Amino acid sequence: MTQALLVIDIQTDFCPGGALAVPDGDAIVPGVNALMHDFKEIILTQDWHPKGHSSFASSHSGKAPFETVEMDYGAQMLWPDHCVQGSAGAAFHPGLNETLGNIVIRKGVNPGIDSYSAFFENDRTTRTGLHGYLQERGVSTLTLVGLALDFCVYYSALDAARLGYRVTVRGDLCRAIDLDGSLAAARDKMRTAGVSLA
Ligand code: VGL
Ligand code: ZN
């Protein structure tokens, strides 16, 4: 088994009506469910923050969502409170066929470090364990789908390419937040990194 599907953060808070809604985010759910039937190895990721997480604007006095702060590990965009561990918003979108997932990787659990990528936290060095899992399963080729294309999908795709996987991002099965040109920048950088954007 050498191929795996990575389903990134298809959670209630990233869908319309959620705390950090990605426009049209729920539209990808039926297509993702269908695609899961083509894979034997399926990894689901879940953004999973403790209350008061350092990526929440509410944790920084005088700061508003979508402003940035300087953390020890570099610039960090601040977000509305979202995907709080155990909350309804952190659950997978109710339409997602999560039973087909072999393993769930939860990320963003460290109170002081955000984690966009499914492989590394935002300090770019602390590992989530996903690479070890994939290596043990003999996976070398990855297909990525999910939310948001210009944040968690993008960081995961770049890290996967850097780790040596062959990476395809199914752009039709992703949706973007698109802040200040972040989508165009993410597309450019993914292409440069050798990620195929289908
Ligand atoms: C995400 C912002 C904050 C994502 C997660 O899943 O793209 N974006 N936390
Ligand atoms: Zn988050």
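Helices, of at least four residues, and strands, of at least two, are DSSP runs, numbered from the N terminus. With these elements in mind, the reader may follow the chain of this predicted model. Along the sequence, the protein has the pattern β-α-β-β-β-β-α-β-α-β-α-β. In total, the secondary structure comprises four helices and eight strands.

The overall form may be considered next. A compact globule of 198 residues would have a radius of gyration near 16 Å, and the protein agrees with this because its own value is 16 Å. Taken along the principal axes, the box filled by the C-alpha atoms is roughly 50 × 30 × 30 Å. Of the 198 residues, 53% are buried. The protein exposes about 8500 Å², and carbon and sulfur atoms supply 50% of this area. The contacts may also be sorted by distance along the sequence: among those between residues at least 6 apart, 73% join residues at least 24 apart.

Leaving aside residues up to four places away in sequence, Val7 touches Val32, Met36, Ile42, Ile43, Leu44, Thr45, Leu96 and Val145.

Helix H3 shows how one element is placed among others. Its buried residues are Cys152, Val153, Tyr154, Ser156, Ala157, Asp159 and Ala160. These buried residues pack against S1, strand S5 (103–107), S6, S7 and H4. After H3 comes Gly164, which has a positive phi near 100°.

Which residues are around ligand 1? They are Asp9, Phe14, Leu20, Asp47, Trp79, His82, Tyr116, Leu147, Ala148, Phe151 and Cys152. Some of these can be described by their polar atoms. In the side chain of His82, an N or O atom is 3.1 Å from a nitrogen atom of ligand 1. A polar backbone atom of Cys152 is 3.1 Å from an oxygen atom of the ligand. For Leu147, a backbone N or O atom lies 3.4 Å from an oxygen atom of ligand 1. On its own, ligand 1 has 260 Å² of accessible area, and the protein covers 100% of it.

The peptide bond that runs from Leu147 to Ala148 is cis, with omega near -15°. Ala148 itself belongs to the loop between S6 and H3. Asp9 is located in the loop between S1 and H1. Although Asp9 is not a glycine, its phi is positive, at about 50°. Is Asp9 buried or exposed? Its relative accessible area is 0%, and Asp9 is therefore buried, since buried means under 20% relative accessible area.

Phe66 also has a positive phi, of about 75°, without being a glycine. Phe66 is situated in the loop between S2 and S3. With a relative accessible area of 41%, Phe66 is partly exposed, because this class falls between the 20% limit for buried and the 50% limit for exposed.

The loop between S2 and strand S3 (68–71) also holds Glu67. Glu67 has 33% relative accessibility and therefore counts as partly exposed. Apart from residues up to four places away in sequence, Glu67 touches Gly62, Gln76, Met77 and Leu78.

Glu41 lies in the loop between H1 and S2. Its relative accessible area is 0%, so Glu41 is buried. The side chain of Glu41 makes a polar contact of 2.7 Å with the side chain of Arg137. How far are the C-alpha atoms of Glu67 and Glu41 separated? They are 37 Å from each other, while the two residues are 26 residues apart along the chain.

Terms used:
Residues are numbered from 1 along each chain as its sequence is written. Chains are lettered from A and ligands numbered from 1 in the order in which they are written. This is a predicted model: local features need pLDDT of at least 70, side-chain atom pairs count only at pLDDT 80 or more; totals for chains, interfaces and linings use all residues. Side-chain values use heavy atoms; hydrogens and water are left out. Contact means heavy atoms within 4.5 Å. A residue is near a molecule or strand if one of its heavy atoms lies within 4 Å of it. A polar contact is a pair of N or O atoms within 3.5 Å; within protein, one must be able to donate a hydrogen and the other to accept it, and residues adjacent in sequence count only if both atoms are side-chain atoms. Accessible areas come from the Shrake-Rupley method with a 1.4 Å probe; for residues, only the protein chains shown count as cover. The radius of gyration is taken over C-alpha atoms; the globule rule is 2.2 Å times the number of residues to the power 0.38. Buried means under 20% relative accessible area, exposed over 50%, partly exposed in between (1.4 Å probe, protein chains only).
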